[in-house]
Amino acid sequence: MRNRIAAIVAFGLSLLASTGGAAEDAAEALSAVDPGDWVELELIPDGERGWATREVDLKGRPKNDGGSVVGPFERTEDGGAVLGLRFDITPETTVKDTLGENIPAAELAAGEIVEVRLVRESGRIQARKIRRLAPETPFEIEGSVENVSIADPPTLRILNIEVTALNDVRVRRLHRRP
């Protein structure tokens, strides 16, 4: 079955919905994504390749030179890592608990689910804000697309994290109508 793409306008949002089921459908769906687009992906662990997604939300052009990741926290010598992405924790980094209260970065434990808002400063990735989340929170990545490959398997790279698009991937264009 060929991929069917439909534009939907509801409540002032424009959505580009893609449904499919074959590998060529995933490649066709990703053809709507360009390097430089700002996207958000919910991630699924993929034992073979690392990370995979079934949904790509296109959010327009980059908001900043950074992004965000949601996943388990790991402590490193310079700061931390989430989903394998290393970042610096500086004195300017704000760290909040699940209630939104400020806490010291030293209170973050390995394995806790966190959201990290990132910024690139002087060629390094720094955490601007870290927030503890509930353990059942889905893993996500948001940022500017660095690369799109429609080869088999189709992939996206965001924040230097390679994500495989599963065969049933959907691409939604989320932007406000003028």
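Okay, let's start in the sheet: strand 3 and strand 5 (residues 50-58) pair in the antiparallel sense, over three bridges.

Before I go on, the housekeeping. This is a predicted model, so local features need pLDDT of at least 70 and side-chain atom pairs count only at pLDDT 80 or more, while totals for chains, interfaces and linings use all residues. Residues are numbered from 1 along each chain as its sequence is written, and side-chain values use heavy atoms, with hydrogens and water left out.

Back to strand 3. On the strand 5 side, V39 stands opposite L58. Strand 3 also pairs with strand 12 (residues 140-149), again in the antiparallel sense, over five bridges, and there V39 stands opposite G143. How much of strand 3 is buried? Four of its five residues are, so the strand is largely enclosed by the rest of the structure. Buried here means under 20% relative accessible area, exposed means over 50%, and partly exposed is in between, with a 1.4 Å probe and protein chains only.

Now zoom in on E40, which sits in strand 3 (residues 38-42). E40 has 17% relative accessibility, so it counts as buried. Its side chain makes a polar contact of 2.4 Å with the side chain of K59. For that term, the cut-off is a pair of N or O atoms within 3.5 Å; within protein, one must be able to donate a hydrogen and the other to accept it, and residues adjacent in sequence count only if both atoms are side-chain atoms. Beyond four places in sequence, E40 is in contact with E55, V56, D57, K59, E140, I141 and E142, where contact means heavy atoms within 4.5 Å.

V56 from that list takes us to the core. The largest nonpolar core has 41 residues, and V56 is among those touching the most other members, together with V33, L41, V69, F87, V116 and I130. Strand 14 (residues 161-173) gives the most to this core, with five residues. A nonpolar core, for the record, is a set of buried Ala, Val, Leu, Ile, Met, Phe, Trp, Tyr and Cys residues joined through side-chain atoms within 4.5 Å. Outside its four-place sequence neighbourhood, V56 touches residues including L30, V33, L41, L156, V169 and V171.

Next stop, the hairpin. Strand 7 and strand 8 (residues 85-88) pair in the antiparallel sense over four bridges, with D88 in strand 8 as the bridge partner of G79. Two residues lie between the strands, and L83 in the turn has a positive phi of about 55 degrees. A81 belongs to strand 7 (residues 79-82) and, at 3% relative accessibility, counts as buried. Leaving out residues up to four places away, A81 touches P72, F73, E74, T76, R86 and F87.

On to charges. What is the number of salt bridges in the structure? There are 14, each being a side-chain nitrogen of Lys or Arg within 4 Å of a carboxyl oxygen of Asp or Glu. One of them joins R124 and D78, with the closest N and O atoms 3.3 Å apart. That pair links distant parts of the chain, 46 residues apart: R124 is in strand 11 (residues 124-132), and D78 is in the loop between strand 6 (66-75) and strand 7. R124 is partly exposed at 40% relative accessibility, and D78 is partly exposed at 41%.

R131 is in strand 11 and E115 in strand 10 (residues 113-121), 16 residues apart. Elsewhere, salt bridges that share partners join E55, D57, R170 and R172 into one network.

Last, the whole chain. It has one helix and 15 strands, and buried residues make up 43% of its 178 residues. Among contacts between residues at least 6 apart in sequence, 61% join residues at least 24 apart.

Notes. Two strands pair if DSSP finds at least two bridges between them.
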